[in-house]
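This report is meant for a reader who is new to the structure shown here. Please look over the model first, and then follow the sections below with it in view.

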Amino acid sequence: MQKIQRNPWQKYGPWIIAILVVLLFVWAFSGIPLSTVKPQAMQVTKSIIHGLFHPDWSYIYSGDGEDLVSALIETLAIAFLGTFISAILTLPFAFLAARTKKGLFTPRSTIGKLILTIIRVFPEIVLAIMFIKAVGPGAYAGVLAVSIHSIGMLGKLFSEAIENIDRGPNEAIVAAGGSALDGLTLATIPAVMPEFMNYTLYRFEIAVRSAAILGIVGAGGIGAPLIFALQTRQWPKVGIILLGIIVMVTVIDFLSGQLRKRLV
């Protein structure tokens, strides 16, 4: 049996690449100004790690509305209400942006896609800061930020779902004497509704993560007690909050995934 001959690059190439990557990391980290590291940095790091692995279990529920359970429920409420509002407000933008004929950009669809793109430009945290200035801090600003930002994302997904459906049933209804509204309600909407619900559930998963962060700027949810605990260096409290966020996101992802499997 003849032995396969490998050229030098095939034999030594992976090792050369690995060495270059290691040297690159060494060179990159050598530029860190270690003189700016505070003397108590190691002590603070140990306190953080100890707090994260020894969470404050008493903060889970106290009954005064200022505990972990209440903050997580408020976060879920912000995400759910924001996603629900955006799913409704997205519908006209989605039909506006959808191309009824494949490969053909009309002024209507071009304007719709441009509007959705402009909405997606603004991150949720920026929208939250803007709404806090308008309506004040709290969950209301968080709901507005999530709902407005989600319009841009859901509108893009909804419009693509509309573009990809089979337009045969719609055209058959119109050819049989039905109106355009009949084709929309009897053919188009039933065809795209499973995709709409699937995308809405997926967006809800993302909204839960976003709502957990918006509280950092004062838009309600679990982010507010998290940033307060970080500022006051209450590491056990930080640990239980992060653990609560992990559990909440994991459960929501699992339930949403099961629902989406039934829809698709």
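## A nonpolar surface patch

In this predicted model, a nonpolar patch on the surface is formed by Trp9, Tyr12, Ile16, Ile17, Ile19, Leu20, Val21, Leu23, Phe25, Phe29 and Ile32, which together have about 1100 Å² of accessible area. One of these residues, Phe25, has its place in helix α1, which covers residues 8-29.

## Packing of helices α4 and α6

Two packed helices are described by the angle between their axes and the distance between the axes. Helix α4 (residues 107-121) packs with helix α6 (residues 139-164) at an angle of about 145°, and their axes are 7 Å apart, while the crossing of α4 and α6 is left-handed.

On the α4 side, the residues in contact are Lys113, Leu116, Ile119 and Arg120, and they meet Ile148, His149, Ile151, Gly152, Met153, Gly155, Lys156, Ser159 and Glu163 of α6. Sorted by class, this contact of α4 with α6 has five nonpolar, four polar and four charged residues.

## Salt bridges

How many salt bridges does a search of the whole structure find? The search finds three, and among them is the one in which the side chains of glutamate 124 and arginine 203 meet, at 2.9 Å from N to O. Because glutamate 124 lies in helix α5 (residues 124-135) and arginine 203 in helix α8 (residues 180-214), the pair ties together parts that are 79 residues apart in sequence.

Technical notes:
Residues are numbered from 1 along each chain as its sequence is written. This is a predicted model: local features need pLDDT of at least 70, side-chain atom pairs count only at pLDDT 80 or more; totals for chains, interfaces and linings use all residues. Side-chain values use heavy atoms; hydrogens and water are left out. Axes are lines fitted to C-alpha atoms, for helices over the stretch in contact, and angles run from 0 to 180 degrees between N-to-C directions. Helices (H or I, at least four residues) and strands (E, at least two) are DSSP runs, numbered from the N terminus. A crossing is left-handed if the near helix is turned anticlockwise from the far one by less than a right angle, and right-handed if clockwise. Contact means heavy atoms within 4.5 Å. Ala, Val, Leu, Ile, Met, Phe, Trp, Tyr, Cys and Pro count as nonpolar, Asp, Glu, Lys and Arg as charged, and the others, Gly among them, as polar. Patches are made of residues with over 30% relative accessible area and no salt bridge: like charges are joined within 9 Å, nonpolar side chains (Val, Leu, Ile, Met, Phe, Trp, Tyr) within 5 Å. Accessible areas come from the Shrake-Rupley method with a 1.4 Å probe; for residues, only the protein chains shown count as cover. A salt bridge is a side-chain nitrogen of Lys or Arg within 4 Å of a carboxyl oxygen of Asp or Glu.
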